[in-house]
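Open the model in your viewer and keep the selection tool at hand. The tour goes from one selection to the next and says what is found at each stop.

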Amino acid sequence: MWKQPRAVWAVAFACVIAFMGIGLVDPILKPIADELGASPSETSLLFTSYMAVMGVAMLIAGFISSRIGAKRTLLAGLALIIVFSALAGMSDSIGAIVGFRAGWGLGNALFVATALSTIVVASAGSVGQAVIFFEAALGLGIAVGPIVGGQLGAISWRAPFFGVAALMVIAIVVTAFLLPPTPPSGRHTSLADPIRALKHPGLLTVALTALFYNMGFFTLLAFAPFPLDMGASQVGWIFFGWGLLLAISSVRTAPWLQRRFGTIPSILGALTFFAADLAMMALFVESTTVLIIGIVIAGAFLGVNNTLITEAVMGSAPVERSVASSAYSFVRFSGGAVAPWAAGRLGEEVNMSAPFWMGTIAVLIGVAIFAFGSRHLRPGPAPTAHSATEGEAVLVGDAD
């Protein structure tokens, strides 16, 4: 699996950097708020703008890639990340950073919508090995992001933004020279295809479940650094533990649970335990130890859910898997966009426990929706297991 062409390593390196961007800003949320005089809700808009634009862009990424080819789409996404991350680092107001994070989200959407299918096509060995190779890059990026953000953030809150821009310059040069041309092929995707796919009750069930689950996910990600009240480096190490557990549970624990209990019971169990974890953090929000434990163990529940609910999407509607996944991502990222701002406002106007209670209730609503609607989930016609089509769909689904 590890004996891959240089082109595959180039895209994998870019994947690590791209997924670092998800957790990169966690350790610097409070330093940004302190230095720029911003409230928690204003600072949390860094997640809101990023996720909102990324969700909408998922509807058009397939449309673009099917017309200009995977390589050009990858390079366009990387270029946008470079520009907007650098601009965010040069900003002097919270509003400007929020706006530039939105542009970053657009670039990330274009990149992640095509990266895995590119690895699948260019890799040596089986396609299944290529998918595992990608999962390793994804997990590494999610785990390393908070560390990089924390260590660079200890220097300045601007440093992580410039660090990403610098690494992405390397990634775009390597990708441009080592990845062979990938002309567009197959059917051109319509912009309306993902929206039409939501008429299928199975897909709508999974998408709505993910919307409410993501409200809990991004409450944890965007608000937890404020009650922790620690330095950027310390917060970075805490979220490194979260990301490491998420990566391990995605690749190891989720398949074991699926074999032992089945997909639907495992998803319901993971979501229920995640809701209980958020409730524990709400009850003991003044305890730094409880908050740290709650953040880290949440990674296990999130990793299991990310993997298994993505698989549920694949068989949720009789449409192309890339179309189903785009529709699903569009809906679920709405939760990721709303929760950070809402959590910040609740923390300011009610108390520090309120955001975690909001997350708990949202996840439990997701549990109820999935329990009621899971009867609509039926295995349908599917492309060959671990095909390039499936690979692209899985990537879009895993990009939270």
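Over the face of which residue does arginine 101 lie, at 4.1 Å from the ring centre? Select tyrosine 50: arginine 101 lies over its face at that distance. The model is a predicted one, and every stop below should be read that way.

Along with Phe161, Trp242 has the most contacts inside the largest nonpolar core, a set of 112 residues. In soluble globular proteins, nonpolar side chains tend to be buried together.

Move to phenylalanine 161 and show its surroundings. Residues up to four places away in sequence aside, phenylalanine 161 touches Val25, Ile28, Ile32, Leu46, Ser85, Ala86, Ala88, Gly89, Ile97 and Trp104.

Next, look at ring pairs, of which the structure holds 15. One of them joins tryptophan 157 to phenylalanine 161, edge-to-face, with 6.3 Å centre to centre and 85° between the planes. Both tryptophan 157 and phenylalanine 161 are buried.

Now select tryptophan 256 and phenylalanine 261. This aromatic pair is edge-to-face too, at 6.3 Å centre to centre and 80° between the planes.

Switch to a cartoon view for the helices. Select H4 (residues 45-68) and H5 (residues 70-89), whose axes come within 7 Å and cross at roughly 130°. The two helices are therefore oblique to each other. To see where H4 and H5 meet, show Ile64, Ser65 and Ile68 on the H4 side, and Ala70, Arg72 and Thr73 on the H5 side.

The last stop is threonine 205, in helix H10 (residues 201-223). Why does threonine 205 count as buried? Its relative accessible area is 8%, and buried means under 20%. Show what surrounds threonine 205: neighbours within four places in sequence aside, its contacts are Ile369, Phe370, Gly373, Ser374 and His376.

Methods
Residues numbered from 1 in each chain as written. Predicted model: local features only at pLDDT ≥ 70, side-chain atom pairs only at ≥ 80, totals over all residues. Heavy atoms only, no water. Core = buried A, V, L, I, M, F, W, Y, C linked by side-chain atoms within 4.5 Å. Buried < 20%, exposed > 50% of the residue type's maximum accessible area, 1.4 Å probe, protein only. Contact = heavy atoms within 4.5 Å. Phe/Tyr/Trp six-rings, centres within 6.5 Å; stacked < 30°, edge-to-face > 60°. Lys NZ or Arg CZ within 6 Å of the ring centre and 35° of its normal. Axes fitted to C-alpha atoms, helices over the stretch in contact; angles between N-to-C directions. Helix = DSSP H or I, 4+ residues; strand = E, 2+ residues; numbered from the N terminus. Parallel < 35°, antiparallel > 145°, perpendicular 65-115°, else oblique.
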